[in-house]
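Reader: I want to check the labels used for this protein. Take me through the terms and the values behind them.

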Amino acid sequence: MKINEKKQSGLFRLKSDFLNKLSVRRIAVYFLGFFLIALGVSISTKSSLGVSPVNSIPYTVCLLTGLEQGMCTTVFFLFLIAVQFLISPKDFSVLSFFQMACSFIFGWFVTLANLCMTGIPAPESYPLKMLYIIISLFFIAAGVFLYINADLLPLPAEGVMVVFSKRTGVAFHVCKVGFDCSVVVIAALISLIVRGELLGVREGTVIAAVFVGILIKPISKFFLKRLRVFLRIA
């Protein structure tokens, strides 16, 4: 009885903390982050040099099946939510279901970003393709910076890392490296088994894995205080 009361009390505090954070500004920054990440993914897709690790599986499936990229991303994120539940059912709260809504919204943003990129020609030369990759890194890094600091809900990929880290005691950054490597390997295997060649996983994927995190540091240095003022965080 006491254990149930403790769980209910903890869940109530979790809901209360989440609701207390909600504001128009936080929500706006949160979803702006989503859109910038989606735009970065779309630009890297246009380069044909690969996408970021987290998006490598849905992008590979998109190339192999012809299905819309935003839909593939949504389905993949829903799968990751199910993985969270399998790893730690006890930590799966009501708020975890909100990640489902976020998955659909992010998938829609990917579709929207692809529509925005329709009129932009695909690069033909390798240097121009690499320029697209570099531009995409800045968009993704800026998007991650905004959505993380809005401090509402993690996207399912980060959610899996957090749950696995709590469950196993492995440091979060180690979980991230392991997760990124795993999804890239799985995407490569799917591509090789189905088509016999690498699709969606190329040098751009490796560059994104290394440099997005590096770019977030200077962005945080210059904009974190301004963002906190905007969000009215003490």
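Author: Start with accessibility. Buried means under 20% relative accessible area, exposed means over 50%, and partly exposed lies in between (1.4 Å probe, protein chains only). This is a predicted model, in which local features need pLDDT of at least 70 and side-chain atom pairs count only at pLDDT 80 or more, while totals for chains, interfaces and linings use all residues. Residues are numbered from 1 along each chain as its sequence is written, and side-chain values use heavy atoms, with hydrogens and water left out.

Reader: Why is F79 called exposed?

Author: F79 has 51% relative accessibility. The cut-off for exposed is over 50%. F79 therefore counts as exposed. F79 sits in helix α4. Its C-alpha is 8.7 Å from that of P156, although F79 and P156 are 77 residues apart in sequence.

Reader: What makes S191 buried?

Author: S191 has a relative accessible area of 0%. Buried needs a value under 20%, so S191 is buried. S191 lies in helix α8. Leaving out residues up to four places away in sequence, S191 touches T60, L64, G196, E197, L198 and L199. Touching here is contact, meaning heavy atoms within 4.5 Å.

Reader: What share of the protein chain is buried?

Author: Buried residues are 42% of the 234 residues. Take contacts between residues at least 6 apart in sequence: 79% of them join residues at least 24 apart.

Reader: How many helices and strands does the protein chain have?

Author: Nine helices and zero strands. Both are DSSP runs, numbered from the N terminus: helices are H or I with at least four residues, strands are E with at least two.

Reader: Why are α4 and α7 called roughly parallel?

Author: Helix α4 (residues 69–87) and helix α7 (residues 156–168) pack at about 15°, with axes 9 Å apart. Axes are lines fitted to C-alpha atoms, for helices over the stretch in contact, and angles run from 0 to 180 degrees between N-to-C directions. Angles under 35 degrees count as roughly parallel, over 145 as roughly antiparallel, 65 to 115 as roughly perpendicular, and the rest as oblique. So α4 and α7 are roughly parallel to each other.

Reader: Which residues make that contact?

Author: From α4 come F77, L80, I81, V83, Q84 and I87. From α7 come P156, A157, G159, V160, V163, F164 and R167. By class, that gives 10 nonpolar, two polar and one charged residues. Ala, Val, Leu, Ile, Met, Phe, Trp, Tyr, Cys and Pro count as nonpolar, Asp, Glu, Lys and Arg as charged, and the others, Gly among them, as polar.

Reader: What makes α7 oblique to α8?

Author: α7 and α8 pack at about 130°, their axes 9 Å apart. That angle falls in the remainder that counts as oblique, so α7 is oblique to α8. Residues A157, E158, V160, M161, V162, F164 and S165 of α7 meet F172, C175, K176, F179 and D180 of α8. The classes are eight nonpolar, one polar and three charged.

Reader: Why is α6 called oblique to α9?

Author: Helix α6 (residues 126–150) and helix α9 (residues 203–230) pack at about 45°, with axes 7 Å apart. That makes α6 oblique to α9. Their contact has 21 nonpolar, three polar and one charged residues.

Reader: How do you know that K176 forms a salt bridge with D180?

Author: A salt bridge is a side-chain nitrogen of Lys or Arg within 4 Å of a carboxyl oxygen of Asp or Glu. The closest N and O atoms of K176 and D180 are 3.3 Å apart, and the pair forms a salt bridge. K176 and D180 both lie in helix α8 (residues 172–195), four residues apart, about one turn of the helix. K176, at 33% relative accessibility, counts as partly exposed. D180, at 10%, is buried.

Reader: How many salt bridges does the structure hold?

Author: Two. The side chains of R202 and E203 also meet in a salt bridge, at 3.2 Å from N to O. R202 has a relative accessible area of 36% and is partly exposed. E203 is partly exposed as well, at 25%. Side chains of opposite charge can pair when their charged atoms come close.
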